Amino acid sequence: MNIPFAIPKCRVAHLVERHDDHLVVPVRLDAATGCCPECGHASRSVHSRYHRHPADLPLSTSQTKLRIEVRRFYCLNPTCRRRTFAEMPTDLLAPHARRTRRLGEAQARVGLACGGAGGARLLAHLHMPASRATVLRLVTRMPMPDTPAPIRVGIDDWAIRKGSRYGTIVVDLDRHRVVDLLPDRTAPTVAGWLERHSGVELVARDRSTEYARGASLGAPQAQQVADRWHLLSNIRQAVERWLHGAHARLRSLPLLPGSTAHPARRSRAFARSTTELEAGAQSRMRWQASYDEVRRRHAGGEPLLAIARAMGLARATVRKYASAETFPARLPHGAGPSLLDPHVAYLAGRIDEGCENAMALWREIREQGYPGTSRQVHRFVAERRTRPVRSGRKPRCATASDSQRPGTEAPLPPARQLAWLIVQPNSMLDEGEAAVVSRIEQDDTARAVTGLARRFTVLVRAAGKRKTVADDPDEDAAADIAAWITKARTCDAPAIATFASGLDADIAAVRAALTEPWSSGQAEGQINRLKLIKRQCYGRAGLDLLKRRMVLAA
């Protein structure tokens, strides 16, 4: 049987032996002499022979093992402390290794792509079996590549354990490659890495103060560029924080003439049971008590972080309660998608005709294609019943939650959804969304916030569209953002004024975001790949293994 690949510095001694589950290739080394590893003298005097049986790349569909005949020589140098030595096929095999170098590299490459357990399963099908621990050990032994020093880098944080521990990813923006993974996201760690890479000329980052301080300490000569996507996200978050406090006031604003409160379909969720209503009321009382306590502590001068720790609340919740003018109650549930929606008009018409038999109505719409059960029809009819049912039960009385009949009120969207509408240009909104924004603009502060938010998004998006590497810096954009900050700092909405003050403190990076083509978008994309690798490792991979899989697989 012929061997389809070469064996470095070796020759096949005999015919290949076929066994049940593998092939054995007898091999001898080509060299006529051996060199002593201690003194370097050559020797032809053979002391003895023995065999090594390392695994090699598979032949066809069979595992392959080499049977290498190794000679042990006498060292004839009288001054050498060695008496004998064995010849070493270093190009083919490492000392004491049970697999050839090329087999180990192939298994390590599979491990880079698939991880330990996944790589072990794939290698078994490829006739190169190895345990998952061996696969990971081969990956960790692979040398890191010798890459050129980065000049422009993007940095961003990633979750080692979400909500608990975070690290930092560093990406070479010119080569589109991950350079390093850092164990945390603190300024000293980032500064230390930048000091070790003194050739960095540009750092693209989000608006984290830790990253800003780390870049200033580690690379004071480098230009810092704030990420444009994060700028847009930050203005939306600022608008949302203001809305949490002003939402109750805005809900009391009247509808504009000609606008409609509800779309032409089922306008609200199905009625809740008495038990659900009681549980909701109790939950509201508990959160109301928490809101009152946060307001009392904040008025007494306690920091928000101290309040969060003392009360066991999230910092975002404490910040929302502290800035809210009234208790930010959960808004009534709107109508989610339902199988009954296409048949609502038909059911309402039949009820107006006097048919209140839920089973009869269910059978009628089932013939029209309704695939659901009769339960939703019963609930729909129960809300509109005018006569007692045959069992003698009275019609369901209206409760506090039902006092608002469809079409008599115009509730606002939640703060998060409303903030998204505010930062969008009018051309991106449909008729209903534009009516919602026009309604809240009856409030002077809301009108100012909407104008500032939209002006800011226009500045950032225009800068992102016109930026290419060959573009010259846009001085007009830098002047526009300075004027925007000056105007926003006098806004009556505290969240917008605070956001503008933060931009002013980081004005150099913000101006660079509007005048430079670079951003940390590449880092965001690499974090998505890092999340995939973490899931392949079942969340148990250490930082070194993650770093190797990110850097070596690139």
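**Overview**

A: The protein has 20 helices and 14 strands. These are DSSP runs, numbered from the N terminus: helices are H or I with at least four residues, strands are E with at least two.

Q: What kind of model is it, and how are residues numbered?
A: This is a predicted model: local features need pLDDT of at least 70, side-chain atom pairs count only at pLDDT 80 or more, and totals for chains, interfaces and linings use all residues. Residues are numbered from 1 along each chain as its sequence is written, and side-chain values use heavy atoms, with hydrogens and water left out.

Q: How much of the protein is buried?
A: Buried residues make up 41% of the 554 residues. Buried means under 20% relative accessible area, exposed means over 50%, and partly exposed is in between (1.4 Å probe, protein chains only).

Q: What share of the contacts join residues at least 24 apart?
A: Among contacts between residues at least 6 apart in sequence, 61% join residues at least 24 apart. Contact means heavy atoms within 4.5 Å.

Q: Switching to charges. How many salt bridges are there?
A: The count comes to 25 salt bridges. The rule is a side-chain nitrogen of Lys or Arg within 4 Å of a carboxyl oxygen of Asp or Glu. Side chains of opposite charge can pair when their charged atoms come close.

Q: Give me one. What does Arg-67 pair with?
A: Arg-67 meets Glu-17 in a salt bridge, at 2.7 Å from N to O. Arg-67 lies in strand S8 (residues 62-74) and Glu-17 in strand S2 (residues 17-18), so the pair ties together parts that are 50 residues apart in sequence.

Q: Are those two residues buried or partly exposed?
A: Arg-67 is partly exposed, with a relative accessible area of 23%. Glu-17 is partly exposed too, at 29%.

Q: What about Arg-249? Which residue is its partner?
A: Arg-249 forms a salt bridge with Asp-443, and their closest N and O atoms are 3.2 Å apart. The pair links distant parts of the chain, 194 residues apart. Arg-249 is in helix H6, while Asp-443 is in the loop between helix H14 (431-440) and helix H15 (444-466).

Q: Why does Asp-443 get its burial label?
A: Asp-443 counts as buried because its relative accessible area is 14%. Arg-249 is partly exposed, at 28%.

Q: Which residues do shared partners join into one network?
A: Glu-293, Arg-296, Arg-297 and Glu-302, through salt bridges that share partners.

Q: Now the surface. Which residues form the positive patch?
A: Arg-241, Arg-309, Arg-315 and Arg-319 form a positive surface patch. Patches are made of residues with over 30% relative accessible area and no salt bridge: like charges are joined within 9 Å, nonpolar side chains (Val, Leu, Ile, Met, Phe, Trp, Tyr) within 5 Å. Lys and Arg count as positive, Asp and Glu as negative; His and the chain ends are not counted. The place of a charge is NZ of Lys, CZ of Arg, CG of Asp or CD of Glu.

Q: Where is Arg-241?
A: In helix H6 (residues 228-251). Arg-241 is partly exposed, at 34% relative accessibility.

Q: New topic: backbone. What is phi at His-127?
A: Near 65°, a positive value in a residue other than glycine. His-127 sits in the loop between helix H2 (116-125) and helix H3 (132-141).

Q: And what is phi at His-176?
A: Near 60°, again positive in a residue other than glycine. His-176 is in the loop between strand S11 (165-172) and strand S12 (177-182).

Q: Last one. What does Ser-290 touch?
A: Ser-290 is in contact with Met-311 and Tyr-321, leaving aside neighbours within four places in sequence. Ser-290 lies in helix H7 (residues 274-299) and counts as buried at 18% relative accessibility.

Note on methods: Areas by Shrake-Rupley, 256 points an atom, 1.4 Å probe, with all protein chains shown as cover.
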